[in-house]
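I opened this structure today to find my way around it, and I kept a few notes as I went. Come along and look with me.

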Amino acid sequence: MPFGRAGRLKVVRPALSLIFIVSLLYLYRRSAAPLTTWEATVPLQERQATLWQNLLPLLEDHAPLCSPPSRRDSSGAIPYSAIQASPRPDLIVQPEVYQQPMQEAHDGFVAAVQTSTTLKSPHIVGTSGIVSSAGKSYLPVFVASLRMLRRTGSTLPVELFVKDESEYEKKICEEVLPSLNARCLVLSDILNNQRDSSVEIAHYQIKIFAVLFSSFEKVIWIDSDCFPLHDPAELLTADPFASTGLVTFPDFWASTASPLYFNISRQELPPMSLRASSETGVFLISKRSHFRTLLLAAYYNYYGPSYYFMLLSQGAPGEGDKETFIHAASAMNEKFYTVSEPVKPIGHPKTTQDKISGSAMVQSDPVADYKLTSQNKWRVKDSSVAKAPRAFFIHAHYPKFNPAEHVFGNTWETAPTLKPDGSDGRAWIVAEETLRRFGYDAEKAYWEEIKWVSCNLEDAFESWKRKSGICARVQKYWQTVFAEPHDDDPQFTDD
Ligand SMILES: *[C@@H]1O[C@H](CO)[C@@H](O)[C@H](O)[C@H]1NC(C)=O
């Protein structure tokens, strides 16, 4: 029987009250965060296109009108010390030639960003999520990291940026990722809308543009070879992120930006002991509070390969986009927190005592780190003042843990899966005190996910299509190393 009048009313009344409640919530949110209805009425793709339409001319209009600077030497790998400020490398040849034209361009861009009424972040107010990028042989590594994220119980949505159509893998993007609350976005779809760019966006510049164009307000950037040990959503609601809106993690090395850079950006020259350089496998940023920081970072990246990457690192390890975020925030006078607990390598012992052949880096819980530093307890100056914070992120970068590539065998310097006698063994056995901060056997968990990816998606990835025996190889490794406990397994807690 079709709905009678009474039946329809029964449906209509709750529906009306639902609409009423939703409108109230909507009004409440609006008053909490006054914004235009832009995000509500214009689709994401269009908001992204509009941003690029307005940003690209600003980038082009404020090109440095000088040849790219050169340096006479490399600052090399200077270990960071919070206690002893080594002299800042000053290696640019004839800095006076570049100061005025680069400063003029920098001033112009900053002023344009500060006064612009057309530049708008495309994010949806109130959203949080994870942004990453991966393509080709990084894609299987990303899926294993994504499954590690889900193991923590995290339900944060994930946006994966691929460089262009050639990196868009249908099965992964349309079946595998959506089942894990992740989706693919193609960066060139946004950037190629504007053809008059003089600069091609290369692989290492993807990070800044992915963050900028993602739909999330609060972004946790995570490299494809990096995963959390705990649900990272909890970092977004607590300090230091809640009060600053930008949190970064340290690299092993000193920050070696050139004195010329500080002149160009009109900043005081900080002592080398102030903070380490950034290791940007992970960082947290709010686009509500730090949209301008991201725009200046985009400028540093746009002119990165020719100008800013070198000025910000002067040849230090990993020269590239890593230094652009903190320096942009500092130049824009926006807040940030740099985690002080040093990054730690994990891997195999080197034959020389106490040295580690590292295949991964461990970053600490920023909330715990902030609790210590806000009580003026600086473990980075004196590690005896408090216990180390728990480990939070593992960046398994050297080599990538792709079972079809260098992770097996001895073709890679760190040969992470081989024992000294050549048999299969764990990758992460030292430093013991770092592993004890894990809380659980994350390496075993990681290999469980690598096994899942290898055995369920062996035929799915483009880069694995011409390879065979990936699942079988991982199963054999798993059987030897993780299926049963071993006497020499590391400890993952203090007790
Ligand atoms: C930076 O500016 C100061 C003051 O104008 C000048 O003395 C110094 O030589 C400049 N340094 C560099 C590396 O350009």
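This is a predicted model: local features need pLDDT of at least 70, side-chain atom pairs count only at pLDDT 80 or more; totals for chains, interfaces and linings use all residues.

Which residues are around the ligand? I found Pro95, Gln99, Pro259, Leu260 and Asn263. I then looked up how much of the ligand the protein covers. Taken alone, the ligand exposes 360 Å², and the protein buries 44% of that.

Next I sorted the shell by residue type. It divides into 3 nonpolar residues, 2 polar ones and no charged ones.

For Gln99, a polar side-chain atom lies 3.3 Å from an oxygen atom of the ligand. For Asn263, a side-chain N or O atom is 2.2 Å from a ligand oxygen atom.

Which helices each supply at least two residues of this shell? They are H4, spanning 95–115, and H11, spanning 259–264. The largest share, 3 residues, comes from H11.

**Entry 1: the two domains.** I stepped back to view the whole chain. It is divided into domain 1, covering 44–338, and domain 2, covering 344–483. How far apart are their C-alpha centres? I noted 25 Å between domain 1 and domain 2. The contact takes 42 residues from domain 1 and 42 residues from domain 2.

I looked up the buried area too. Domain 1 and domain 2 bury about 3,800 Å² between them, with 67% of it on carbon and sulfur atoms. On the domain 1 side, Asp225, Phe227 and Leu229 lose the most area to domain 2. Together these three account for 17% of what that side buries.

Entry 2: My last stop was the backbone. Most peptide bonds are trans, and most residues other than glycine have a negative phi. I went looking for exceptions.

The peptide bond from Asp239 to Pro240 is cis, with omega near 10 degrees. I located Pro240 in the loop between helix H9 (233–237) and helix H10 (241–244).

Another cis peptide bond runs from Val430 to Ala431, with omega near 0 degrees. Ala431 sits in the loop between strand S11 (391–395) and helix H16 (432–435).

Asn181 is not a glycine, yet I found a positive phi of about 55 degrees there. Where is Asn181 placed? I traced Asn181 to the loop between helix H6 (170–176) and strand S3 (182–186).

Methods
Residues are numbered from 1 along each chain as its sequence is written. Side-chain values use heavy atoms; hydrogens and water are left out. A residue is near a molecule or strand if one of its heavy atoms lies within 4 Å of it. A polar contact is a pair of N or O atoms within 3.5 Å; within protein, one must be able to donate a hydrogen and the other to accept it, and residues adjacent in sequence count only if both atoms are side-chain atoms. Accessible areas come from the Shrake-Rupley method with a 1.4 Å probe; for residues, only the protein chains shown count as cover. Helices (H or I, at least four residues) and strands (E, at least two) are DSSP runs, numbered from the N terminus. Ala, Val, Leu, Ile, Met, Phe, Trp, Tyr, Cys and Pro count as nonpolar, Asp, Glu, Lys and Arg as charged, and the others, Gly among them, as polar. Domain bounds come from an automatic or database domain assignment. Contact means heavy atoms within 4.5 Å. Buried area is the accessible area (1.4 Å probe) that two parts lose on being put together, summed over both.
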